[in-house]
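Here are my notes on the model, point by point. Please keep the structure open while you read.

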Amino acid sequence: MERLDLRCAIAAFPEAYVAVDDMKFGRRSAGAGLLEALCRYADKDGYALAVTSEADLHPLHFAMAQFQDSLPTANTVALSDQVALARYGTFYSPGPILTDQAWARRARSDDAYSIVGVNHTVATLQATPSLCRYLFDPLQPWDALICTSHSVKSAIETLFESYLSYLDSRGIQAPRPPVQLPVIPLGVHCDHFDATNERQATASSFRKARGIGEDDIVLLSFGRIDPATKAHPVPLFLSVERAQREMVGDPKLHVVMVGTFLPAKAARQEIVNSARIYAPSVNVHWVDGKDPALCQASWQAADVFLSLSDNIQESFGLTPIEAMAASLPSIVSDWNGYKETVVHGETGLRIPTGFPDSSFGLGAELSNRYCSNLMSESGYLHSVAQLTYVDVRKCSEAIVALARNHTLRKQMSVKSRARAVQNYAWQVVLTQYRDTFDELNAIRSLRSGTIVRTGLTEPIRPDHGDPLKMFGGYPTRTLSLTTRLSIARSDARDLLDLLLQQPMCGHPQCTRADPEDMKYLVDVLMDREISVQDLSERFPRLSRAELLSACVWLMKYDVVDAMPDTIGSEPMPTDPVH
C-alpha cells in the first residue's frame, strides 16, 4: 500500500496518545489509534512531531516502536517554531483547544499554515468555553475543527449561535466563527479484531471459565462503567432481564461488563448490586478493563454488542465501531454518533431514546445550577442523563430477536465487519484527514472570507446553554404535554418502590416530584391511559416542567410507557428484524 503524504505537524502531547497514568479512555484510545495509523500508513517524511520538550518524545517513540510494520517519523519540530510549522502547511492538535496556536501563528502571519483540531466531549465547562473562544480567536476559514459525528457538529453549531445571540444582546455584532467543521469519524484498526484461531481458542476458554454454555448468548458491554458520565446500567439490566423472562426454554443470556469503574468504592458496589437487583435471572460477569488479554478475549467471546449510551458527555462512541471490526451485531441506543455508525436493521438495531421538550426550562435550570457552582460536573451530567430514557421494551425485544435468530446475527456480523473495513478502518480515516488538510490548504491559498450567522437566546451562560436544546439532535423523540402515557408493567408500584430506595436511580435536581407524588401518578396510570396535559390537571401543585420530569424519569426505568403516535419527532424503524 502506498503511504499517505499528510504534510502536517502533529502536536505531540504524550497524555493524548499514551496511557502515561495507566488510565485508558475514549479520547486516549482514539489518540493511540491515530499514532499507530501514522506509523503504519503515513509517509514518515511527510509529517513531524511538534514538541514542547525533548522529554515528550520518549513515551511517544516508545509507543510507536511497538507497532507491527511501524515506520515512525524521525522528524521533530519545536511547537514554537513558526517557520517549521509553516513548512509543513498544517498543524494538527489532538483536541479542540486551538487558542494558543492561533495567536502564536500571528507571530508569522494568519495564513502561514492551517490549524486543525478534533472534538471530544462538548457537554462541560471544560469544553464549551474553549469552543466559544473561536468567535474571538484569530482562527481563519482555512482552519478546522474535525467533528466526529453530525450530531456533535449540530451541538457545536447550536453553541456558536447561542453565544452570538448573547453578544448581540450586548450590542456586539460578531460573525460566525470562520473555522470549518468537517465530519470525520474516529478510526479503528480492524486487524486488531480479526478472529484468528488463537483468539477463538482464547475466547472459548473465556466462556468456559465463566460457565457460559456453547449455545448461550453473550451480550457484551464495553467501556467505562460510570452511570453519571457514561451510561446508566439499570436500563440495560432491566432490558436483559425482561428479555430473559420472555425467552423461557431459549438460550441463556449472559452479560459481560468490560471496563473500569470510575466512581467511589461505595458507588461501585451499588452498580454491581444493581445487576443482582434488576437482572436476577441473568448471569452478569465483570471484567477488568485494564487487563488487555481479557479485553481482547471478550470481543471474540461475545455474540452481540450492547451499549445504551444516555449521556451528553458522549459525542461519537468508539466501541460500536470496534464491535463492527469484531464482526459483532450491535444493539445500541439511538444516540449521538451511534446514529451514524450502526445501520438499523443491517449491522444492528438502534433503540429509541428521548428527553423532554426544552421549552419547559428543565435543561436551562440544570445548566444554570451547574454554571452557578450549585452542582458538580458529574452531578450535571448525571441529572441530564436522568432526564434521558432509552426504550427498555424495545431493547428487550431487540435482544430477543437477535438471541433467537442465529441467521440474523450472522448476516449482521458479516455486514458489520464490512462496514468497519469500508468506513472506519484507519487507512480510510487517515485518507480523509489528508484530503481535509489539502482542502484547507486550497482555501488558504485563496484567502476566503468568513460567514455570518445569527443566533438564539440561551440562559445565564451562552457558552453552556440548555442541554435539552443543544443536544436536541441526540434522542429519537421529545416528550410534550400531548404525549399519552400508560403503565408499562403490572408490577409498576413494586418497581417504583425499589427505584425510590436507590440513590443511583434518582436525583433531586431533576425528579422534583416527591415519592408520594410519584406513587399517586403511577396509581392514576394504573386505571387508564392519559396525556401529560390531563395529568397536570390532577397535579395542580406541580408545575408542568416538574410533572414532565417525573414522567420521563418513570419512562427511563420502565415504570411508565408512552404511546408511539403521541411522541414528538419523526418516528424511525425500531421493531427488531425477525
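1. A definition to start. Helices here are DSSP runs of H or I with at least four residues, numbered from the N terminus. With that in hand, α7 (197–209), α10 (292–301) and α16 (406–424) can be named as helices that each give at least two residues to the lining of the second largest pocket. Bear in mind throughout that this is a predicted model.

2. Stay with that pocket. The second largest pocket holds about 750 Å³ of space. Its lining counts 26 residues. Which of them lie nearest the centre? They are R207, Q300, A301, A302 and D303. The largest share of the lining, five residues, is supplied by α16.

3. Helix α10 also has a place on a sheet. It lies across β7 (217–222), β8 (253–259), β9 and β10. Its direction runs at about 135 degrees to β7.

4. Now the sheet that holds those strands. Six strands make an open sheet, in the order β9-β8-β7-β10-β11-β12, with parallel pairing. Which strands are at the edges? They are β9 (283–288) and β12 (348–351), and each pairs on one side only. From one strand to the next, the twist averages 20 degrees.

5. One pairing in detail. Strands β10 (residues 304–307) and β11 (residues 330–333) run parallel and are joined by three bridges. S307 has V332 in β11 as its bridge partner.

6. Look next at β4 (residues 90–92) and β5 (residues 114–118). These strands run parallel, and three bridges join them. Y92 stands opposite V116 in β5.

7. How is α2 sided? L57, L60, A63 and M64 are buried. These residues cover an arc of only 135 degrees around the axis, so they sit on the same side of α2. The face turned away from the buried side carries H58, F62 and A65, which are exposed. Please check F62 on screen: this phenylalanine is among the exposed residues.

8. How many cavities of 30 Å³ or more does a search of the whole structure find? Two. The largest cavity holds about 60 Å³ of space. Its lining is made by Y389, V390, D391, V392, R393, M555, D558, V560 and D561. Three elements, β14 (389–390), α15 (392–404) and β18 (560–562), each supply at least two residues of that lining.

Technical notes. Residues numbered from 1 in each chain as written. Predicted model: local features only at pLDDT ≥ 70, side-chain atom pairs only at ≥ 80, totals over all residues. Heavy atoms only, no water. Pairing = 2+ DSSP bridges. 1 Å grid on protein atoms, 1.4 Å probe; cavity = no way out; pocket = protein on both sides within 12 Å on 5 of 7 lines; lining within 4 Å. Points joined across faces, edges and corners; volume = space filled by probe spheres on them. Buried < 20%, exposed > 50% of the residue type's maximum accessible area, 1.4 Å probe, protein only. Arc of directions from axis to C-beta. Axes fitted to C-alpha atoms, helices over the stretch in contact; angles between N-to-C directions. Contact = heavy atoms within 4.5 Å.
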